[in-house]
Amino acid sequence: MHARLPDFRLGKVLATSFTATLTERRGDAVERIPTPHRLADWLAVSGLTVESCTTAQLELARELRESIHAALTATATRDPLPAPAVHVINDRSGQGRAVAILTPESTRHWRLSSASCVEDALGVIAADAISIIAGERDGKLALCASPTCQAAFFDTSQSRTRKWCDMNTCGNRQKKARFHAGQHKSAAS
């Protein structure tokens with residue numbers, strides 16, 4: 001019997017969705033792309049379909065993911081960007097060969113090179129991260145208020161006061177914890 005792989009946490013922002021392929025970073029970490037095939041699956045559901053993925057390409061992807069996470073975290077906390085993370089992001093962005101395509105529905109899709117390689121998809125993700133870090137998008141970069149998560153997310157809500165990377169997971173978990181703590185306190189009184 002095969003162990004069930006964790007679901008992907010897909011959001012509207014490519015770079016932060018990519019960093020969410022490793023969740024609960026400060027708790028019991030959950031790796032959502034444990035194999036090259038799983039990375040190819042994530043890329044496909046993100047509109048960046050590739051023909052195949054190797055173990056070496058998975059390692060490149062994880063290095064990019066962690067570099068983006070480090071740079072997004074630094075940006076959200078207004079700390080200097082870590083130079084090694086900037087180097088990796090720029091390197092991956094420069095290696096990709098992808099073209100932005102405007103659809104008749106006024107949406108952007110990415111067309112990867114004819115070889116449809118992982119490096120092209122990583123270039124798109126790196127470019128998306130650059131646009132967020134450079135402040136080119138309307139929204140606010142924030143860190144999840146969950147003490148075990150601390151995921152970077154891009155808040156585009158009107159008030160820009162969102163606290164959780166995902167209300168269905170981190171937000172609900174924190175609300176339940178507060179509720180149970182309140183019940184325990186009431187029972188002790």
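**Salt bridges, a helix pair and a strand residue**

Arg137 is partly exposed, with a relative accessible area of 28%. This value, like those that follow, comes from a predicted model. The side chain of Arg137 meets that of Asp128 in a salt bridge, with 2.6 Å from N to O. Asp128 has a relative accessibility of 8% and therefore counts as buried, since the limit for that class is under 20%.

The general principle is simple: side chains of opposite charge can pair when their charged atoms come close. The structure holds 10 salt bridges in total. Another of them joins the side chains of Asp138 and Arg160, at 2.7 Å from N to O. This pair links distant parts of the chain, for the two residues are 22 residues apart: Asp138 belongs to the loop between α5 and β5, and Arg160 to the loop between β6 and α6. Asp138 is exposed, with a relative accessible area of 62%, whereas Arg160 is partly exposed at 21%. Elsewhere, salt bridges with shared partners join Arg25, Glu31, Glu59, Arg62, Arg65 and Glu66 into one network.

Arg65 is buried, with a relative accessible area of 3%, while Glu31 is partly exposed at 24%.

The crossing of the two helices is left-handed. On the α3 side, the contact is made by Leu60, Glu63, Leu64, Ser67, Ile68, Ala70 and Ala71; on the α4 side, by Ala85, Val88, Ile89 and Arg92. These residues divide into eight nonpolar, one polar and two charged.

Finally, the reader may turn to Leu143, which lies in strand β5, residues 140-143. Leu143 is partly exposed, with a relative accessible area of 22%. Apart from neighbours within four places in sequence, Leu143 is in contact with several residues, including Thr73, Ala76, Thr77, Phe153 and Lys163. Asp155 is 12 residues from Leu143 along the chain, and the C-alpha atoms of the two are separated by 9.6 Å.

Technical notes: Residues are numbered from 1 along each chain as its sequence is written. This is a predicted model: local features need pLDDT of at least 70, side-chain atom pairs count only at pLDDT 80 or more; totals for chains, interfaces and linings use all residues. Side-chain values use heavy atoms; hydrogens and water are left out. Helices (H or I, at least four residues) and strands (E, at least two) are DSSP runs, numbered from the N terminus. Buried means under 20% relative accessible area, exposed over 50%, partly exposed in between (1.4 Å probe, protein chains only). Contact means heavy atoms within 4.5 Å. A crossing is left-handed if the near helix is turned anticlockwise from the far one by less than a right angle, and right-handed if clockwise. Ala, Val, Leu, Ile, Met, Phe, Trp, Tyr, Cys and Pro count as nonpolar, Asp, Glu, Lys and Arg as charged, and the others, Gly among them, as polar. A salt bridge is a side-chain nitrogen of Lys or Arg within 4 Å of a carboxyl oxygen of Asp or Glu.
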